[in-house]
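Reader: I'd like to learn how to read a few features of a model like this one. Could you walk me through them?

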Amino acid sequence: AGSSASTGEDFVELYNQTDSAIDLTTWRLDYRSTATTSQWTRKAQLVGSIEAHGRYLISTADYLSDIHDATLTSGISKTGGSLRLVRVGQNGAADETVDLVGWGTATQFDGDNPAPAPTDGQSLKRTVDADGLFVATGENDTDFSLSNHPSPSSDSQPVIAEADPEA
């Protein structure tokens with residue numbers, strides 16, 4: 001999750017590190033602001049699928065619109081908040097939380113502490129282990145770190161930006 005140096009240019013990139021495509025037709029991305037104590041709001045209804053080892057990009061309407069796969073309904077706070085990726089049941093309720101990340105002043109996060117809060121021009125990125133696999137320990141402050149070189153991408157367009165020198 002991250003943003004450009006401009007307000008309202010936010011994105012979330014999903015990656016499928018499995019060997020099979022994942023059908024996203026019953027998935028959505030929910031957001032909970034730090035100011036909200038009890039309510040999740042839908043940020044994006046996902047469509048289509050993520051191919052094996054593929055990327056899926058969700059961004060605000062006017063940002064990366066030429067390559068995004070889904071649109072955020074509004075921006076995301078940089079100072080703190082939570083995003084959860086959920087599978088939706090037949091009645092529209094969130095049946096299963098697939099992943100959860102909280103950052104900065106978030107009140108909902110995996111583990112003991114939230115991930116750090118990005119500033120303008122930064123993004124959160126999932127930590128990669130020595131084997132090149134994304135880390136998922138259930139501890140947001142371990143699983144995510146800050147990147148000074150966001151490079152959002154999707155299977156709609158290959159990554160053009162330089163590799164993150166911090167990786």
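Author: Happy to! Helices (H or I, at least four residues) and strands (E, at least two) are DSSP runs, numbered from the N terminus. His 53 sits in the loop between strand 6 (49-50) and strand 7. This is a predicted model, where local features need pLDDT of at least 70, side-chain atom pairs count only at pLDDT 80 or more, and totals for chains, interfaces and linings use all residues. Residues are numbered from 1 along each chain as its sequence is written, and side-chain values use heavy atoms, leaving out hydrogens and water.

Reader: What is the phi of His 53?

Author: Most residues other than glycine have a negative phi. His 53 is not a glycine, yet its phi is positive, about 60°.

Reader: Is His 53 buried, partly exposed or exposed?

Author: Buried means under 20% relative accessible area, exposed over 50%, and partly exposed in between (1.4 Å probe, protein chains only). His 53 has 42%, so it is partly exposed. Ser 59, in strand 7 (residues 55-59), is buried because its relative accessibility is 0%.

Reader: Which residues form salt bridges with Arg 126?

Author: Side chains of opposite charge can pair when their charged atoms come close. The cut-off here is a side-chain nitrogen of Lys or Arg within 4 Å of a carboxyl oxygen of Asp or Glu. Arg 126 pairs with Asp 99 at 2.4 Å, N to O. This pair links strand 11 (residues 123-126) to strand 10 (residues 94-104), 27 residues apart. Arg 126 also forms a salt bridge with Asp 143, with the closest N and O atoms 3.9 Å apart.
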